[in-house]
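Subject: Structure handover and notes

Hello,

Here is the structure for you to look at. Please open it next to this email and follow along.

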Amino acid sequence: MTSHPPATGLHRLPSAACCRLAMAILLVMAPLLAPGHRVHAQADATVSITAPGEGQTVTGDLQVRGTVQGTGLQSYALYWRVAGEESEIYFNGGQEEVNASVLGVWRAGANPPGEYEIRLEAQFEGRDPTETIVRFTLADAVATTGQEPETAATIPAEDQTLRQSLDQLAARARPAALAAYLARGMRFGLTVALIVLAYFSVKSVAVWFLGGRKS
């Protein structure tokens, strides 16, 4: 009878390799399987906040601008919270894609100066939510600009542009109106002078004609 060497060593080597491979897979997948994990990026989706910028200092109400695009977009939502706190407050959202435009307006209200965070979360069909977070600083408008809070950063850019245009038109209109007024005055004076001159000319001619006939 032919004896065969024990195969224990032959099986142990691939078994150890399989164990190492399994451990590596578990280490990679563990964060993804942890409770509450959120995917921060998707290959075919764009979820970003461009304003305010990270670490930016702002005063008063704030336009939140950014992009929400991707296949199967269902909705997006904006939340704000004091930096470092878990509780957050919803303040705007939608269901249509937004490309480098206004996502919503964060009303500063009576919030005290300090660090705040805005979180943008988008829901896509068949996948985990995609989110992005930006942290910014809310400053005291009086301390930074010397203006009352209700007058600081509350006038939309469109209104500011319109006001500037009206001011420019008014500045141009004042000299033009004065020149037109003076021109009308000169024309009126010239007309009166011509009428008076014509009256005395006719009177002189009449006196001369009548005097010539009497002689």
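First, a term: a salt bridge is a side-chain nitrogen of Lys or Arg within 4 Å of a carboxyl oxygen of Asp or Glu. Next, some ground rules. This is a predicted model, where local features need pLDDT of at least 70, side-chain atom pairs count only at pLDDT 80 or more, and totals for chains, interfaces and linings use all residues. Residues are numbered from 1 along each chain as its sequence is written, and side-chain values use heavy atoms, with hydrogens and water left out.

**Overall layout**

The chain has 3 helices and 8 strands. These are DSSP runs, numbered from the N terminus: helices are H or I with at least four residues, strands are E with at least two. From the N terminus, the order is α-β-β-β-β-β-β-β-β-α-α.

Of the 215 residues in the chain, 20% are buried. Buried means under 20% relative accessible area, exposed means over 50%, and partly exposed lies in between (1.4 Å probe, protein chains only). The accessible surface of the chain is about 15500 Å². Carbon and sulfur atoms hold 61% of that surface. Such areas come from the Shrake-Rupley method with a 1.4 Å probe; for residues, only the protein chains shown count as cover.

Now contacts, meaning heavy atoms within 4.5 Å. Take the contacts in the chain with a separation of 6 or more: 65% of them join residues 24 or more positions apart.

**The sheet**

Strands of a sheet pair through backbone hydrogen bonds, either parallel or antiparallel. Here, two strands pair if DSSP finds at least two bridges between them. E7 and E8 run antiparallel to each other, with 9 bridges. Glu-115 has Thr-137 in E8 as its bridge partner.

Gly-94 is partly exposed, at 23% relative accessible area. Its C-alpha atom is 5.6 Å from that of Ser-75, which is 19 residues away along the chain. Leaving out residues up to four places away in sequence, Gly-94 touches Ser-75 and Tyr-76.

**The core**

A nonpolar core is a set of buried Ala, Val, Leu, Ile, Met, Phe, Trp, Tyr and Cys residues joined through side-chain atoms within 4.5 Å. The largest one here has 24 residues. Val-64, Leu-103, Trp-106, Ile-118 and Leu-120 have the most contacts inside it. Strands E1 (45-51), E3 (62-70), E4 (73-82), E6 (98-106), E7 (114-124) and E8 (130-138) each give two or more residues to this core. E7 gives the largest share, 5 residues.

What does Trp-106 touch, beyond its neighbours within four places in sequence? Its contacts include Val-64, Trp-80, Phe-91, Ile-118 and Phe-136.

**Salt bridges**

Side chains of opposite charge can pair when their charged atoms come close. The whole structure has 8 salt bridges.

Start with Asp-61 and Arg-107, whose side chains meet at 3.1 Å, N to O. This pair links distant parts of the chain: Asp-61 lies in the loop between E2 and E3, Arg-107 in the loop between E6 and E7, 46 residues apart. Asp-61 is partly exposed, at 27% relative accessible area. Arg-107 is exposed, at 57%.

Then see Arg-119. It forms a salt bridge with Glu-88, with the closest N and O atoms 2.5 Å apart. Arg-119 is in strand E7 and Glu-88 is in the loop between E4 and E5, 31 residues apart. Arg-119 counts as buried because its relative accessibility is 7%. Glu-88 is partly exposed, at 29%.

Arg-119 also forms a salt bridge with Glu-121, where the closest N and O atoms are 2.7 Å apart. Both of these residues are buried. A network of salt bridges links Arg-119 with others, among them Arg-81, Glu-115, Glu-131 and Arg-135.

**A surface patch**

Finally, go to helix H3 (residues 157-214), where Phe-200 is found. Phe-200 is partly exposed, at 49% relative accessible area. With Phe-188, Val-192, Val-196 and Tyr-199, Phe-200 makes a nonpolar surface patch of about 530 Å². Patches are made of residues with over 30% relative accessible area and no salt bridge; like charges are joined within 9 Å, and nonpolar side chains (Val, Leu, Ile, Met, Phe, Trp, Tyr) within 5 Å.

Best wishes
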